[in-house]
Each structure stands twice: as C-alpha cells, then as structure tokens.
Amino acid sequence: MSANANARPRVGLFVTCLVDLYRPSVGFAAVKLLERGGCAVDAPLAQTCCGQPAYNSGDRADTAAIAKQVIEAFEGFDYVVAPSGSCAGMIRHHYPTLFADDGDWARRAADLGAKTFELVSFLTGVCGMTEVEAKLDRTVTYHDSCSGLRELKIKEQPRRLLATVDELELVELPTAETCCGFGGTFCIKYSDVSAEMVRRKSDDIQATGADLLLAGDMGCLLNMAGKLKREGADIQVRHVAEVLAGMTDGPAIGEEG
C-alpha cells in the first residue's frame, strides 16, 4: 500500500443487496481485505440497491431516483468499493450515461463512477496488493462474471491473488468466461434459456474435478450453487473474497450453519 498509516484512503463499502441479504460474510471479508490494504472502511447506512434491476428493465425514472441516493451516500469518500463487478460496473459505467443530460447530476455521477471499483481489482490496482495471508488446502476453479470481465476487465487480478493462497490449487474452467445464465433480470425474463445455460455450466464445473467453485458476484454464485446442489454435486461454492481473507470456517453458500 502506497499510502501511510496517517493518510489512509477512506473507502465506502458498497455492500450490495445480495451480500446484505444472503451472504453478509462476504462484506466482512471485504472489510478485512481493505483494511489489510491500508484503507479506512465505512459502510454508510443510507446505501440502497445500485438500481440495476430497474435499469435493465428500462425503468429510467426509478433508476435515477435510486442512483441519486447512492451518489449522495458515497460521494464523500475517496473511493467506493463493491464485492461485485455487476454493481461496481453499474455505478462506474451506467450512472454517467444515465445522467448525461442532467446538469450537476451528470458531474456528480461521473465523479462517483471514476472512483468506484470492484473489490479485487481495487486491492491489486489501487492498493498494490500482491499477496494475501491465507491458507486453503483445496482444489478450486473460478468463474468470471460477465460484468466484471466485460465491463471492468477483471480476469487476471483474482487469479494473481489466489496464486498466493498457501496450498490452494487452481484448475481453470474451460468455459470460465461463459455466462452462467443468471444475468440479473435475464433469468426471470428468459427462465428456460437461463436454466439450460446453468445446466451446461454445472456440467463444465463438475468436469474440472475441483471441490470448490469461486467467483466475484453473488448473483452468479447463488445461481450456480443452487444448480450444483440440486444435481447432488459434491462441490462447495464461495465468494473469492472469503478465500482471500482466510474466512472459510463457516458454511459454504447454500449449506446450513
């Protein structure tokens, strides 16, 4: 970390709806990693959904109202970090276009977008983190979420940090860049197509021989974990932040505590 202890960057943690409701441990793992990276972290209580479901459904009015809340809650921080490429991509790339013709809001949206990052890319690209203090004797495979990969160019960053986890073996998933079929509202609008996509993804995951699947977005993880469990696959599923933070003692996604 380039910043010294007396000038720690102030990071606003965008927790995300799915982390808040289904996997709070990911939020705590993100805090642990950011603090290891030298940041002062706060999660403002005023935060809400990023507005992506409304945006993807064409509801620009409600999306703008939600986005204004997010901007007001986070614009006072040096950085905004989300354990999700999907939500970070929404704020970074879509807020500026949403308010492109809206005067001062256009400037505020652009400013917030410019300092918003997905967690692992922030740790490696801004904090300069090159290794983590973690150990996990497991064979893992990794799924690249669509928003993280295509909007934010996140591919090598999580693999670079996973390579420093003691005793962890990473086996590449040949279809790591193929959508799992979740896609936010896509899985609702086109449920039959989505179901076939995750079925194929489940087959590919099981063929790797890995006993743990990782990714950086809870939507993808919940979708794939549900399918793997329904098929009786003996493969656990976790958010990559939990492994990098060394927080894997609790139940995996979909397991009872």
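**Ground rules.** I am working with a predicted model, in which local features need pLDDT of at least 70, side-chain atom pairs count only at pLDDT 80 or more, and totals for chains, interfaces and linings use all residues. Residues are numbered from 1 along each chain as its sequence is written, and side-chain values use heavy atoms, with hydrogens and water left out.

**Entry 1, the open sheet.** I took helices (H or I, at least four residues) and strands (E, at least two) as DSSP runs, numbered from the N terminus. I counted two strands as paired if DSSP finds at least two bridges between them. I found an open sheet of four strands in the order β6-β5-β7-β8, with parallel pairing. The edges are β6 (169-170) and β8 (236-239); each has a single partner strand, so one side of each is left without a neighbour in the sheet.

I then went through the pairings. β5 and β6 are parallel and share two bridges, with Val140 opposite Leu170 in β6. Strand β5 (residues 139-142) is joined to strand β7 (residues 212-215) by three bridges, also in parallel. Here I saw Thr141 opposite Leu213 in β7 and Tyr142 opposite Leu214 in β7.

Next I looked up what lies across β7 and β8, and it is helix α12 (residues 218-230), which runs at about 175° to β8. For such angles, axes are lines fitted to C-alpha atoms (for helices over the stretch in contact), and angles run from 0 to 180 degrees between N-to-C directions.

I used buried for under 20% relative accessible area, exposed for over 50% and partly exposed for in between (1.4 Å probe, protein chains only). The buried residues of α4 are Thr63, Ala64, Ala67, Val70, Ile71, Ala73 and Phe74. Their cover includes β1 (10-13), α3 (52-56), β3 (79-82), α5 (85-98) and α6 (103-114).

Thr116 is found in strand β4 (residues 116-118). I read its relative accessible area as 1%, so Thr116 is buried. Leaving out residues up to four places away in sequence, Thr116 touches Val80, Ala88, Ile91 and Arg92, where contact means heavy atoms within 4.5 Å.

Rings of Phe, Tyr and Trp (its six-membered ring) pair if their centres lie within 6.5 Å; planes under 30 degrees apart count as stacked, over 60 as edge-to-face and the rest as tilted. By this rule I have seven aromatic pairs. One of them is Tyr79 with Phe117, edge-to-face, at 6.0 Å centre to centre and 65° between the planes. This pair links distant parts of the chain, since Tyr79 is in strand β3 and Phe117 in strand β4, 38 residues apart. Tyr79 is partly exposed at 24% relative accessible area, whereas Phe117 counts as buried at 18%. Phe117 also pairs with Phe122, tilted, at 5.6 Å centre to centre and 55° between the planes. Both Phe117 and Phe122 are buried. I noted one aromatic cluster formed by Phe14, Phe74 and Phe77.
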